[in-house]
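Thanks for coming. I will go through one structure this morning, beginning with a helix and ending with a sheet. Please look at the screen.

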Amino acid sequence: MQNNLAEDCILLALNADQEIIGFCMRMIDGNPMRFGPIGVSEKARNYGIGGILLDMMQLEMEKRGIYHLYFVSTDVPGRRFYERHDVKVFRTFVDYKKTF
């Protein structure tokens, strides 16, 4: 990442073989409140790794005086994930498409 900020903005989850099985980051656009992306490898899903990464990132943000987070978009499974972790929607956008 730019300006040597990666250590402050990226969290990795490793398995016993030291392979990356999950990650999350923030500040991808320079805004310290911008969360995401987040991902967990398919073989490591449903063990709570994503939730742990989200919680740890929120704790790291709080240490830096950042008490809000936002992300630009997510899909339905992503929304369920965030809602299970008490992230509340405060604004939504609707995409429109015109077909000719």
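Buried, in what follows, means under 20% relative accessible area, exposed means over 50%, and partly exposed is in between, with a 1.4 Å probe and protein chains only. Helices (H or I, at least four residues) and strands (E, at least two) are DSSP runs, numbered from the N terminus. This is a predicted model, where local features need pLDDT of at least 70, side-chain atom pairs count only at pLDDT 80 or more, and totals for chains, interfaces and linings use all residues. Residues are numbered from 1 along each chain as its sequence is written, and side-chain values use heavy atoms, with hydrogens and water left out.

Take helix 3, residues 76-84. Which of its residues are buried? They are Gly78, Phe81 and Tyr82. The buried residues pack against strand 3 and helix 2, residues 49-63; contact here means heavy atoms within 4.5 Å.

Now the ends of helix 3. At its start, a side-chain oxygen of Asp75 comes to within 2.8 Å of the backbone nitrogen of Gly78. After helix 3 comes Asp86, with a positive phi near 65°.

Strand 2, residues 20-26, is joined to strand 3 by four bridges. In strand 3, Val40 is the bridge partner of Gly22.

Note on methods
Pairing = 2+ DSSP bridges. Polar contact = N/O pair within 3.5 Å; in protein donor to acceptor, adjacent residues only side chain to side chain.
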